[in-house]
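Subject: Structure for you to look at

Hello,

Here is the structure I said I would pass on. Please have a look at it first; my notes follow below.

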Amino acid sequence: MDVLEKALEFEGRKMSGMTTSDRVEASREVKTLILALNEIYKESKDTELMDVMKRLTVIKRKIDKRLNGKLVL
């Protein structure tokens, strides 16, 4: 379960003070982690994996929201 360990390590990271390039890199990394966990979940149907994926998705949404910024008209 190397992917699960990476996901849990990613969750524990400090997200404040990130530059834009750090956010882009983090967003890509969390996306690959979520997809890898999803492939494992399809076979095992482990609820713990689903919970981890949900928490990572929340983190990804926060990162993406900060990347996209506010739309100014």
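**How H1 meets H2**

H1 crosses H2 in a left-handed way (left-handed if the near helix is turned anticlockwise from the far one by less than a right angle, right-handed if clockwise). On the H1 side, the contact (heavy atoms within 4.5 Å) involves Val 3, Leu 4, Lys 6, Ala 7 and Phe 10. On the H2 side, Ala 26, Glu 29, Val 30, Leu 33, Ala 36, Leu 37 and Ile 40 take part. By type, the residues of this contact are 10 nonpolar, no polar and two charged (Ala, Val, Leu, Ile, Met, Phe, Trp, Tyr, Cys and Pro count as nonpolar, Asp, Glu, Lys and Arg as charged, and the others, Gly among them, as polar).

The angle between H1 and H2 is about 140°, and their axes are 10 Å apart (axes are lines fitted to C-alpha atoms, for helices over the stretch in contact, and angles run from 0 to 180 degrees between N-to-C directions). H1 is therefore oblique to H2 (under 35 degrees is roughly parallel, over 145 roughly antiparallel, 65 to 115 roughly perpendicular, and the rest oblique).

**Basis of the notes**

The model is predicted: local features need pLDDT of at least 70, side-chain atom pairs count only at pLDDT 80 or more, and totals for chains, interfaces and linings use all residues. Residues are numbered from 1 along each chain as its sequence is written, and side-chain values use heavy atoms, with hydrogens and water left out.

**The chain**

The protein chain has three helices and zero strands (DSSP runs, H or I of at least four residues for helices and E of at least two for strands, numbered from the N terminus). Its C-alpha trace spans about 45 × 25 × 15 Å along the principal axes. Of the 73 residues in the protein chain, 26% are buried (under 20% relative accessible area; exposed is over 50%, partly exposed in between, with a 1.4 Å probe and protein chains only).

**Buried positions**

In H1, residues 2-11, the buried residues are Leu 4, Ala 7 and Phe 10. Seen down the H1 axis, they fall within an arc of 120°, so they line one face of the helix (the arc is that of the directions from the helix axis to the C-beta atoms). The buried residues of H1 pack against H2 and H3, the latter covering 47-68.

Ser 27 belongs to H2, residues 20-44. Ser 27 is buried, at a relative accessible area of 9%. Apart from neighbours within four places in sequence, Ser 27 contacts Lys 60, Ile 63, Asp 64 and Leu 67.

Regards
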